[in-house]
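Q: I'd like a close look at one residue and the part of the fold around it. Could you take me through it step by step?

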Amino acid sequence: MTSSPYEDREQTEVKHQILQRYLSAFVPIVGDWASDIAYIDCLAGPWRSVDPSLKDTSFSRAVEVLRSTRKVLADRGKAPTMRCLFIEKEPGPFQRLKKFCDETRDVEAIPENWDFTKHIADVVRFAKGRSKSFPFVFIDPTGWEPLAIRLIAPILRLDPGEVLINLMTSWITRFLSDETKSFERLLGSDLPRLRQLQGEEQEEELVRSYKEAVVKAGSFEYACTLPVMKPDQDAFHFHMIYATRHIRGVEVFKETERTIIPFMHETRAKAQERRRFAQSGQTSFLPAEAHYKERRFTQYQLRNLEVAKSELRKTLETTGRVLFDDAWANAMQHSTVMGSDLREWMNEWKASGLLTFVNLQPGQKLPRKHEHQYLEWAKK
């Protein structure tokens, strides 16, 4: 079998794919109007990188995207400046990071040997360093202390601006019941309630609670989450939380999610196949996917579909009419729910005589965003 730099850390590859795929769509969109794009990696590493050129790191993947999207924007006659701030406090990893930045000459890459938690004001200053700038901030800690809402609130309030946060739920839930551990700064007044919960319910409520705190602190309009599974267990390792103020950001993130979910399952299937081979020494004539097993993600997806559908129906029954853009955005903020699911619900309700569409164009079967079209629930 061909070795991958992400072997035994497939969850990191999935995380980097999320970042790269989102940025690949985000930069060309923002670059159409912003004169400066600031990418900030607050805890850059590198950690556990095995590639000599550091291609298996988040900061390298980000620089790669900026290079490729610069060409896309140039073809449109756009040339925003692109700046990167990469922060790492540990001396050893920082030296590797600095060497990478020193050798990167076509994109402005600034390394700083900082403890991120003590340089929030400097991060904000960098983000606002140029006029008409749009910052994208990536916060990917190995623990939970750097994610305290009060600590990162100045970053969350950057407007314009978007954030992508890695909430390490597998570690947090492991210690959440331990009252000697300080989670108040992370979870605030919701901590006692969360400590009363168990298992999957606790994990999912933890994510929901933290996501809502991010939205409130940054006055974001929308936030999406996406769980990433452990490669060797039927469990989630962490949840990526993305926050934006524009529905276009949700569209891009959902498209990223749509492609990442099968990619994640594919990488896990290959990891499972590699472990079977290591244990038995025998290869299979069937593809890795034929032996693939998982339960957690499927149950999570089914539950989210049920909740999103129920919430939309309740809103329609209560208000009578909902702008399609709002219905779409609210449904899509539920992880793993896709546009195809919403279309299925609308067709089902329409066939049952419960739902009609308002302001559709001649020949149009279903509503579209940005066209002031509505979903209208049948009156009893």
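Which helix does Lys-15 lie in?

A: Happy to walk you through it. Keep in mind that this is a predicted model, where local features need pLDDT of at least 70 and side-chain atom pairs count only at pLDDT 80 or more, while totals for chains, interfaces and linings use all residues. Residues are numbered from 1 along each chain as its sequence is written, and side-chain values use heavy atoms, with hydrogens and water left out.

Lys-15 lies in helix H1, which covers residues 10-30. Helices here are DSSP runs of H or I with at least four residues, strands are E runs of at least two, and both are numbered from the N terminus. With a relative accessibility of 9%, Lys-15 counts as buried. Buried means under 20% relative accessible area, exposed over 50%, and partly exposed in between, using a 1.4 Å probe and protein chains only.

What does the side chain of Lys-15 make a polar contact with? Its partner is the side chain of Asp-140, at 2.8 Å. A polar contact is a pair of N or O atoms within 3.5 Å; within protein, one must be able to donate a hydrogen and the other to accept it, and residues adjacent in sequence count only if both atoms are side-chain atoms. Leaving aside residues up to four places away in sequence, Lys-15 touches Phe-138, Asp-140, Asn-166, Phe-238 and Met-240; contact means heavy atoms within 4.5 Å.

Now to the core. The largest nonpolar core has 74 residues, and Phe-26, Tyr-39, Phe-86, Phe-136 and Trp-345 have the most contacts inside it. Such a core is a set of buried Ala, Val, Leu, Ile, Met, Phe, Trp, Tyr and Cys residues joined through side-chain atoms within 4.5 Å. Phe-26 touches Ile-37, Phe-134, Phe-136, Glu-162 and Val-252, again not counting residues up to four places away in sequence.

Seven strands form an open sheet with mixed pairing, in the order E3-E2-E1-E4-E5-E7-E6. Two strands pair if DSSP finds at least two bridges between them. At the edges are E3 (108-112) and E6 (222-229), each pairing on one side only. From one strand to the next, the twist averages 15°; axes are lines fitted to C-alpha atoms, for helices over the stretch in contact, and angles run from 0 to 180 degrees between N-to-C directions. Strands E1 and E4 (residues 133-139) pair in the parallel sense over six bridges, and Asp-36 stands opposite Ser-133 in E4. Helix H3 (residues 91-102) packs on the sheet, touching E2 (81-87) and E3, and its direction makes about 160° with that of E3. Helix H4 (residues 120-127) packs on the sheet too, touching E1, E2, E3 and E4, at about 170° to the direction of E2.

Helix H2 brings us back to H1. Among the elements that cover the buried residues of H2 are H1, E1, E2, H3 and E4. Those buried residues include Phe-59, Val-63, Leu-66 and Leu-73. An α-helix has 3.6 residues a turn, so residues three or four places apart point the same way. H2 has 18 residues and reaches 26 Å from its first C-alpha to its last, close to the 26 Å expected at 1.5 Å a residue; that expected span is 1.5 Å times one less than the number of residues. After H2 comes Gly-77, whose phi is positive, near 80°.

The loop between strand E1 (36-41) and helix H2 (58-75) holds Pro-46. A cis peptide bond, with omega of about 15°, joins Gly-45 and Pro-46. Arg-48 also lies in the loop between E1 and H2. Although Arg-48 is not a glycine, its phi is positive, about 60°. Arg-48 counts as exposed, at 57% relative accessibility, whereas Lys-15 is buried at 9%.
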